[in-house]
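Please read the following note beside the sequence and the 3D view. The points are numbered so that each may be checked in turn.

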Amino acid sequence: MLISWQVALLLLLLQLSNATKIVGEELELVGQCDSKPTLDPRPHSVSILEFGAVGDGKTLNTIAFQNAIFYLKSFADKGGAQLYVPPGKWLTGSINLTSHLTLFLEKGAVILGSQNPSHWELVNPLPSYGRGIEVPGKRYRSLINGYNLQDVVITGDDGVIDGQGLVWWNWFSSHSLNYSRPHLVEFEDSKYIVVSNLTFLNTPAYNIHPVYCSNVYIYNISVSAPSESPHTVGIVPDSSDHVCIEGSNIATGYDAIALKSGWDQYGIAYGRPSKNIHIRRVHLQSSSGSSIAFGSEMSGGISNVLVEHVQLHNSSTAIQFRTTKGRGGYIKGIVVSDVEMENISTAFSASGHFGLHPDDEFDPNALPIVQDITLQNVRGSNIKIAGNFSGIQESPFTSIYLSNITFLISSSSSSSWICSDVSGFSDSVIPLPCSDLSHPYSISSSAASPLLNSARKTAVL
């Protein structure tokens with residue numbers, strides 16, 4: 001399948017026509033998911049069977065995958081090629097993709113991640129993190145990888161990618177890891193990526209991790225990991241821009257979707273934000289984390305994010321903004337609209353005291369900025385705490401706007417909202433927010449933050 005980008009000029013015009021100005025800078029709250037590329041058939045296709053692969057769930061097929069991809073690399077300047085994976089259980093270690101490639105998993109095809117760590121290559125830590133996230137030093141390469149690629153599609157007819165993560169979860173929980181856990185799919189420094197029509201199961205850590213990427217489209221996928229699986233995460237856009245996540249069901253042990261952009265001084269130095277991200281029509285569940293999380297590794301910045309028409313359920317926290325002193329960076333220009341919540345411990349959370357540091361070299365005076373956050377058109381039932389906002393005294397969270405929100409609180413606590421070092425506005429919110437967020441919306445508050453005025457009317461599409 002070949003990604004067609006011939007409508008790029010039209011999409012650019014659409015983006016410009018939907019742009020919103022925010023204090024002198026352009027805020028693109030555009031519908032990134034409205035500009036998904038068309039997928040045309042690749043002119044060349046081969047089956048993994050042609051390279052000696054055996055789909056018995058026992059034979060290691062890493063070399064077969066590597067040989068097939070190396071062969072298909074020769075078609076990059078001829079319209080690209082497709083690697084077809086037929087029904088069967090295809091055991092493999094880490095594999096690296098190539099540009100202008102479609103990896104297609106037929107219905108009944110299951111790619112299985114090896115449970116032998118020697119089958120997973122070791123790679124250097126990401127420069128915006130400075131070390132492995134879980135263990136200092138190197139990290140295991142992900143099961144399916146792409147580095148400095150373009151025009152890559154991972155899709156199928158509801159095929160499955162199963163990381164067989166139990167052994168990794170046990171090593172993590174027992175503090176037996178020598179290196180940080182691998183993910184199922186990771187693209188680094190790549191562009192024009194599509195992941196669709198697949199099921200992801202039992203990841204060792206993250207399921208899909210685009211880092212330093214542009215124009216990433218993830219839609220119509222299912223992600224599942226047991227509720228007790230430690231720190232398993234669904235989709236993690238990381239220092240990436242122009243990302244669409246749409247029409248997917250995600251249930252994980254920790255976060256369902258987490259937006260990140262680097263860790264403390266390493267993320268500040270790398271300086272690549274996550275921005276222009278559109279999330280819509282997803283069903284999310286996170287057992288011990290958040291349905292949608294911003295940070296806490298956000299030192300490169302997170303901005304211009306539109307979340308709309310989402311259903312969040314059976315989660316510890318629905319929407320959470322995370323940071324701490326030493327992060328630097330910012331979280332700003334966020335609109336969350338048209339949300340249904342059910343069985344949530346804390347509906348909204350913003351914490352300025354969340355997360356650890358990579359080492360002792362971080363700058364405690366690098367204060368993050370959290371501002372211009374709009375939460376609107378939200379309904380929730382069986383909610384224990386409506387909101388818990390705890391900013392930083394030296395850098396309070398500002399311009400938080402709440403509108404048209406109704407929660408049915410299940411607990412008998414008299415404090416359904418908890419606030420400190422935060423300020424904002426509210427309109428038609430039940431139960432009534434804390435005083436710091438109860439200032440009525442007005443023309444003067446709109447002038448202070450044009451984003452609020454725009455978001456108050458529409459989710460900006």
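How many disulfides does the structure hold?

1. The structure holds two disulfides, a disulfide being a pair of cysteine sulfur atoms within 2.5 Å. With bonded cysteines counted along the chain, the pattern is 1-2, 3-4.

2. Some remarks on the source are needed before going further. This is a predicted model, in which local features need pLDDT of at least 70 and side-chain atom pairs count only at pLDDT 80 or more, while totals for chains, interfaces and linings use all residues. Residues are numbered from 1 along each chain as its sequence is written, and side-chain values use heavy atoms, with hydrogens and water left out.

3. Strands (E, at least two residues) and helices (H or I, at least four) are DSSP runs, numbered from the N terminus. Both C33 and C244 are buried; buried means under 20% relative accessible area, exposed over 50%, and partly exposed in between, with a 1.4 Å probe and protein chains only.

4. The other link is formed by C419 and C434, whose sulfur atoms are 1.7 Å apart. With -60 degrees about the S-S bond, the link of C419 and C434 is left-handed. C419 lies in strand β34 (residues 417–420) and C434 in the loop between β35 (422–430) and β36 (439–440), so the pair ties together parts that are 15 residues apart in sequence. C434 is buried, at a relative accessible area of 14%.

5. Which residues of helix α2 are buried? In α2 (residues 62–72) they are T62, A64, F65, A68, I69 and L72. These residues lie on the same side of α2 because they cover an arc of only 165 degrees around the axis, the arc being that of the directions from the helix axis to the C-beta atoms. On the other side of α2, I63 and F70 are exposed. As background, an α-helix has 3.6 residues a turn, so residues three or four places apart point the same way.

6. The aromatic pairs come next. Rings of Phe, Tyr and Trp (its six-membered ring) pair if their centres lie within 6.5 Å; planes under 30 degrees apart count as stacked, over 60 as edge-to-face and the rest as tilted. By this rule there are twelve aromatic pairs. The rings of F51 and Y71 have centres 5.8 Å apart and planes at 50 degrees, so the pair is tilted. F51 lies in the loop between β5 (44–47) and β6 (56–60) and Y71 in helix α2, so the pair ties together parts that are 20 residues apart in sequence. F51 counts as partly exposed, at 23% relative accessibility, and Y71 likewise counts as partly exposed, at 39%.

7. For F294 and F321, the ring centres are 4.7 Å apart and the planes at 20 degrees, so the pair is stacked. F294 and F321 are buried. Elsewhere, ring pairs link W120, Y140, W168, W171 and Y179 into a cluster.
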